[in-house]
Amino acid sequence: MAGKGDKSMRCLDLLRRNSNILIIHILVLAGLCALPFFLSDYYRMLAIESIILAVFAMSLDLIMGYAGIASFGHAAFFGVGGYALGVIIKYITPSIWLAFLVVPVICGLLAFIIGVISIRARGIYFAIMTLAFAEVLYRIIFHTHALGGSDGLIGIAVPNLNLAIFKLDLKRPINFYYVAVVFAYLSYLVCFRLVESPFGRVLKGIRDNEDRVSFLGFNVTHYKVIAFVVSGIFAGWSGALFSLFKTFATTEQLHFLLSGKVIVMNLIGGLGTLLGPMVGAVFLTFFETILSSYFAAYHIIIGAIFIVVVIFLPKGLFGLILGFRKGK
Amino acid sequence: MFFEVRQVSKSFGALKAVDRVTLAVEKGQVVSLIGPNGAGKTTLFNLITGVIYPEKGDIFFNNHRITGTPPYKLCRLGLSRSFQITNIFQGMTVFENIRLASQGQVRKFNLLGSVSRLTPSTKEAERILDLLGLWEQRDELAGTLSHGDQRYLELGIALASQPSMLLLDEPTAGMTPMETRASIELIKRLREKMTIMLIEHDIGLVFEVSDRIMVMNQGGLLADGLPNEVKNNKAVQVAYLGEEI
């Protein structure tokens, strides 16, 4: 009896200490749930896309922001995730659940192979290795007719999402929006848990001082590979959801342009904060789309913003938000 | 023998950094490695701790052949080291530095647990902070500590893996005389629990704490003996100690 009381006391204590965070979570979720009602169809679609890209950006943050290992080919996992979902739904069985179970296996395995081979190289050498792998995959898929070649894998018929009690029609954007929000929120919770875990502390140690970490009894290589695999899995999941949303998977999804863009999202949003890269992804997606409708050479402005943020806001836009909250 | 280096050599190009060094350390001893700059002391430490591989020779620790064993495995065997150039986690708090080091003793990967529940690591970290007198600074960022405190933290990180043998590379480099004094007392307390091998330039400290002293010069071992024997060794006086004694 006493033990039970202790436990509930501890829960209550935990709740009290984290009440601010809980309130923020509820407010943000409520805001996200209400948002589509204020958006036109066009912006609703854009919101879905940006939320999916937010998870992709966060997946890169796990390795780049926390373990300090930059990947220049992260789109490989995003693209392979998309193609894997496409193949499963188009040719095997129209089950979203199955696709979302298989995608992490494929992307995790891919990340493991790339990771094991590349991780011994450090810094820029590792980054270039990942770029090379991504380009090879890009070329392979580009020249594979069974996967649609340069046209991509088109015409993925979006099946209903079976939620046991009812089937959710994902062809309705509003439903897809909520699925994307739930996906992003759950991904964030898992990633947050991960970076705050003992494992996450070791990653931060590797980022700060890789050599010393190995003297503390940690096998740095194993830690880096595991982080890379987890990162690849989340990138794959987000890519799968992206393809489901677009109803096609294209080679652009694993092109180095996207690998570069997701790095920009991380840097603009704030590396090593999880939420920052998500903010960066949403910001960049919306900003780019809105700007491009007014101004053909909009990349100039994005480039300028990028430079300003990198120089003046080392913790990105998210750092700016946190700074205001602390009244700094 | 608890720890043994046999005929270990390492060259960098034409320079013989470590040249056929053979030495042994008994369990529970405090042994100092002295010698002029460039004598090969730190290179020897790097050879012992798997940072670089010896070209020839073998190293044994606690009945294991550890020649070329990577640092993380050495740490698990109970061999830990500190560095000449402060090598801490600048962006973490003092407490997190030590807890991370202590966490190295937990072998499994814990991806979804909570660090605050790592009770043994937390307890150990608190014990070490207290031992080093860093308790007050526990929540400060390591990078903001004074030089002397960073040196203590450096030592604390090495201690947190609960080694049976500790290699200290110039633990008092850049410390004030008072801080050095405190370090001497600390080493005296540590010797009850572990074997210590230290590289040190502070001759006063060396003679106060050492059971044995080894002198290196130009990659080779020049002398190896009790403090008094080393003090009276002509070759050592010429090569290194000079007027100081």
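Chain B has nine helices and 10 strands. Chain A has 13 helices and two strands. Both kinds of element are DSSP runs, numbered from the N terminus: helices are H or I with at least four residues, strands are E with at least two. This is a predicted model, in which local features need pLDDT of at least 70 and side-chain atom pairs count only at pLDDT 80 or more, while totals for chains, interfaces and linings use all residues. Residues are numbered from 1 along each chain as its sequence is written, and chains are lettered from A, ligands numbered from 1, in the order in which they are written.

**Overall size**
- The radius of gyration is taken over C-alpha atoms, and the globule rule is 2.2 Å times the number of residues to the power 0.38.
- Chain B has 245 residues and a radius of 18 Å, which agrees with the value near 18 Å for a compact globule.
- Chain A has 328 residues and a radius of 20 Å, which agrees with the value near 20 Å for a compact globule.
- Along the principal axes, the C-alpha atoms of chain B fill a box of roughly 55 × 40 × 35 Å.
- For chain A, that box is roughly 60 × 50 × 45 Å.

**Burial**
- A residue is buried if 20 or more other C-beta atoms, placed from the backbone, lie within 10 Å of its own.
- In chain B, 44% of the 245 residues count as buried.
- In chain A, buried residues make up 46% of the 328.

**Contacts along the chain**
- Two residues are in contact if their C-beta atoms, placed from the backbone, lie within 7 Å.
- In chain B, take the contacts with a separation of 6 or more: residues 24 or more positions apart account for 65%.
- In chain A, among contacts between residues at least 6 apart in sequence, 76% join residues at least 24 apart.

How values were computed
A residue is buried if 20 or more other C-beta atoms lie within 10 Å of its own, exposed if 12 or fewer, and partly exposed in between; C-beta atoms are placed from the backbone.
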